[in-house]
Amino acid sequence: MSASPRTPEKEHPFYIFAMDHRASLAKDVYSIAGEPTADQAARLAEGKRLVFEGAASVRDRLPAGSVPGILVDERYGAAVARAAKEQGLLLLMPIERSGRPFFELEYGSFGDSDWLEHVEAFDPDYVKILVRDNPGFDVGGRRRQQEHLASVTQELHGHGRRFIIELLVPATSAQQAAGADEYDRTIRPGLTQELIREFQHAGVEPDIWKLEGYETRDAAAAVAATSREGGRAAVRCIVLGRDSTQDRLDHWLETAAPVDGFAGFAIGRSIWQQPLLDHLAGRIDASTLRARIGASYLGYADDYHAAATA
């Protein structure tokens with residue numbers, strides 16, 4: 001299937017600075033085991049504030065016509081979420097519990113409205129849900145996840161809320177035998193198409209799919225076209241960072257940017273994790289941290305823009 005015709009949204013890509021990490025942030029950056037104490041949570045929040053300031057400092061230097069946004073959590077980033085909204089940035093917030101194999105709600109439970117009250121309190125432009133799936137995973141767990149996602153879809157759309165599915169497709173043990181590079185190149189794109197169709201059939205209808213990058217333009221075009229099948233022409237895809245190296249991310253962005261159906265990126269740890277580690281270790285000051293984060297964020301935006309307009 002060929003990619004869908006261009007839409008007006010194609011000319012206004014999302015450049016999302018992703019900083020909604022919670023479990024991995026505490027473990028990998030702050031070396032916190034278990035649930036953070038109040039003092040540790042305050043340190044996590046302060047780190048997020050500094051990271052956000054680095055991204056916000058270059059918002060006016062992003063390519064013309066782009067839509068800058070911040071993806072941040074309530075747990076450690078509530079102050080950042082409020083600041084992003086005050087500054088007129090697109091605000092995206094997660095509702096999933098961090099670090100779980102299948103989708104669980106961060107607040108409340110399926111069947112109650114506690115989680116939706118948290119959404120209403122911050123009023124983000126987009127809700128984000130991280131999903132890990134593979135057709136080879138446990139059938140019962142996959143079925144429950146689809147049912148939960150369909151229920152949340154209905155609630156969000158019923159309240160006029162737009163949302164994003166961040167879809168990660170980890171390899172099964174058998175698929176790992178092909179090697180990581182071969183899996184990404186030849187296996188994962190087809191699995192992603194299969195999963196998107198399954199979700200659509202189950203009633204899971206995101207406005208945006210946040211997807212791992214693709215090694216070839218044909219693969220990116222096929223996945224984007226699948227996301228828009230059945231009258232879903234307004235659906236868009238964006239590239240996620242997956243904590244990849246700059247070379248790998250540059251390739252993913254250059255591959256996706258010209259493809260109809262792709263409209264930007266959401267990159268996080270690849271931009272801010274090493275500068276934050278260096279700051280926490282005393283190797284750089286806060287000003288340098290902000291400058292490095294801002295330059296990296298701006299660099300990916302410029303790369304995407306150049307590839308999309310070439």
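## Second largest pocket

Helix α1 gives the most to the lining of the second largest pocket, with 3 residues. This pocket holds about 290 Å³ of space, and of its 15 lining residues, R22, A23, E35, Y76 and S98 sit closest to the centre. By class, the lining has 6 nonpolar, 2 polar and 7 charged residues.

The model is predicted: local features need pLDDT of at least 70, side-chain atom pairs count only at pLDDT 80 or more, and totals for chains, interfaces and linings use all residues. Residues are numbered from 1 along each chain as its sequence is written, and side-chain values use heavy atoms, leaving out hydrogens and water.

## What the terms mean

On a 1 Å grid over the protein atoms alone, a pocket is an open set of points with protein on both sides within 12 Å along at least five of seven lines, a cavity is a set where a 1.4 Å probe fits but cannot get out, and lining residues have an atom within 4 Å of a point. Points are joined across faces, edges and corners, and a volume is the space filled by probe spheres set on them. Helices (H or I, at least four residues) and strands (E, at least two) are DSSP runs, numbered from the N terminus. Ala, Val, Leu, Ile, Met, Phe, Trp, Tyr, Cys and Pro count as nonpolar, Asp, Glu, Lys and Arg as charged, and the others, Gly among them, as polar.

## Largest pocket

The largest pocket has a volume of about 450 Å³. Of the 25 residues lining it, H21, S24, L130, E166 and R269 are closest to the centre. Its lining splits into 7 nonpolar, 7 polar and 11 charged residues.
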